[in-house]
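Here is a friendly walk through one model, going from its surface to its strands. Please keep the viewer open as you read.

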Amino acid sequence: MAKLLIQTQGFENQQLELRPGVNRVGREGQNDFTIPHPSISSQHCELILSSDGVVLHDLDSTNGSFVNGQPVGEIWLEPGQRVRLGEVELLVESTEINVSIPKFERAEPTPAPTVMLEDGSFVCPRHTDLLATFKCTHCAEVMCSGCVRMMRRQGGQPLFLCVICHHKSERILTEKGKAKKNFFGFLDTVRFKFGGRPKN
């Protein structure tokens, strides 16, 4: 299973054993992995584990995320790399996922009604307890980090694909992992889903 080992003094022998999907790391207890160090932000980063490996996505943390000494926003991790979150050092021991899943026929997911909250953010149609963090550039579907499909590409940057039409998707995050509060950016999407595009 994918695993990172904490090597900073005071945290020796502690490890982050990742589960498939999104693993949130931060200083506060609501994260999947809590690292109580003052240089770690309350919500510092996401470690997203898929069959292709592990993507690190920094959540606009105060002290940043680094891989082999270089600041990163979003990058695939490789075994042997050194990750630094704030002042906490970790070693990437493995990025593999070992899950045996029986074969079965699965229908492609279909779009669900998009729900907008009072602050202008959107709820993931498939995980109603999570905010949508991606938007498809083709069909305008919104989805959370657990729904979006990830692919490797040259240069180490992940490519995110729509769960519905498989076209390119882009993040709709602002600081601290909150969805954009721009209502008009999504108005066409909502109207299209519930009765066509607005007339000129």
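Val115, Leu117 and Leu131 together make a nonpolar surface patch of about 210 Å². Patches are built from residues with over 30% relative accessible area and no salt bridge, where like charges are joined within 9 Å and nonpolar side chains (Val, Leu, Ile, Met, Phe, Trp, Tyr) within 5 Å. A salt bridge here is a side-chain nitrogen of Lys or Arg within 4 Å of a carboxyl oxygen of Asp or Glu. Areas come from the Shrake-Rupley method with a 1.4 Å probe, and for residues only the protein chains shown count as cover.

This is a predicted model, in which local features need pLDDT of at least 70, side-chain atom pairs count only at pLDDT 80 or more, and totals for chains, interfaces and linings use all residues. Residues are numbered from 1 along each chain as its sequence is written, and side-chain values use heavy atoms, with hydrogens and water left out.

Three residues can be set side by side by accessibility; buried means under 20% relative accessible area, exposed over 50%, and partly exposed in between (1.4 Å probe, protein chains only).

| Residue | Relative accessibility | Class |
|---|---|---|
| Ser94 | 16% | buried |
| Leu117 | 35% | partly exposed |
| Glu96 | 52% | exposed |

Leu117 sits in the loop between β12 (115–116) and β13 (122–123), while Glu96 is in the loop between β11 and β12. Strands are DSSP runs of E with at least two residues, numbered from the N terminus.

Ser94 belongs to strand β11, residues 88–94, a strand that is mostly covered, with 5 of its 7 residues buried. The Ser94 side chain reaches the backbone nitrogen of Glu96 at 3.2 Å, a polar contact (a pair of N or O atoms within 3.5 Å, one able to donate a hydrogen and the other to accept it). Beyond neighbours within four places in sequence, Ser94 is in contact (heavy atoms within 4.5 Å) with Met1, Ala2 and Lys3; for Glu96, leaving aside such neighbours, the contacts are Met1 and Ala2.

Strands pair if DSSP finds at least two bridges between them. Strand β1 (residues 3–6) runs antiparallel to β11, joined by 4 bridges, and Lys3 stands opposite Ser94. Strand β10 (residues 82–85) also pairs with β11 in the antiparallel sense, over 4 bridges, with Arg82 opposite Leu91. In the hairpin of β10 and β11, Gly86 takes a positive phi near 65°.
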